[in-house]
Amino acid sequence: MKKMITCVKCLAFLMLAVVVCSGFCIINEGYQIYQDAVAEVSLEEKVGEVQSKDTYTDYEDLPETYVNAIIAVEDHRFYDHNGIDLIAICRAVIHDIQAGAFVEGGSTIPQQLAKNLYFSQEKELTRKVAEAFVALDFKREYTDEEILELYVNSIYFGDGYYDVASACEGYFDKEPSEMTDYECTLLAGIPNAPSVYAPTKNPDLAAKRQMVVISRMQTCGYLEEEDAVSVSETVAQVAYVD
């Protein structure tokens, strides 16, 4: 019995050692990818490329409802973390293990910004580590408002729209500053899966995603119940008309 217990302990120790070594190798490789990426094009240069777009939108021109909607549905601890949300990562790991595949990434807004500016959409652990290092740089070098501004000017909204101004013009025929609460919550839900949630492609799914955004905003304290009900009713009315 003692021999069995000893064997089990040794096996557990070996498994732990393998996990630790594997983790170290992944982090080291991810760090190398990060170093190579920023050495080729600096963070300042990447930011400059985004800011030079003719359709670039300043933070001051984004409706408060839209900013709150993005934070609520994409990264509700955005103002509290340093670029990496360890709670979200742990939750994502558990869900991925349960599913036996990458079904949830746990990426923060700075990590998504890093992916958009530097990396591919492939779900690889080393690439996720590289994203995390760039996200730390973003949080260290830029304000929260600047990061949000860069984010909405570099994400894909479907239908060939790669920034918030183009999406507003294409979907609503207006400037970002003119968006209603209905339009803000609709637009905030699209980047999660643009090919699925683009209102021109799947209006029903876009509406369902919009309801998720509204619910998250209410949960996070960005929408009072009365306002949430009002926007939800508008969603239902538009869906009925369509």
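The following legends describe close-up views of a predicted model. Local features require pLDDT of at least 70 and side-chain atom pairs pLDDT 80 or more, whereas totals for chains, interfaces and linings use all residues. Residues are numbered from 1 along each chain as its sequence is written, and side-chain values use heavy atoms, with hydrogens and water left out.

View 1. Serine 107 is located in the loop between α4 (86–99) and α5 (109–118); helices are DSSP runs of H or I with at least four residues, numbered from the N terminus. Its relative accessibility is 18%, so serine 107 counts as buried (under 20% relative accessible area; exposed is over 50%, partly exposed in between; 1.4 Å probe, protein chains only). The side chains of serine 107 and lysine 128 make a polar contact at 2.4 Å (N or O atoms within 3.5 Å, one able to donate a hydrogen and the other to accept it; residues adjacent in sequence count only if both atoms are side-chain atoms).

**View 2. Tyrosine 31 and tyrosine 34.** Rings of Phe, Tyr and Trp (its six-membered ring) pair if their centres lie within 6.5 Å; planes under 30 degrees apart are stacked, over 60 edge-to-face and the rest tilted. Tyrosine 31 and tyrosine 34 form a tilted pair, with 5.6 Å between centres and 45° between planes. Both lie in helix α1 (residues 2–40). Tyrosine 31 is partly exposed at 31%, whereas tyrosine 34 is buried at 12%.

**View 3. Lysines over aromatic faces.** Lysine 46 lies over the face of tyrosine 118, 5.3 Å from the ring centre (NZ of Lys or CZ of Arg within 6 Å of the ring centre and within 35 degrees of the ring normal). Lysine 139 lies over the face of phenylalanine 78, at 4.5 Å from the ring centre.

Key:
Helices (H or I, at least four residues) and strands (E, at least two) are DSSP runs, numbered from the N terminus.
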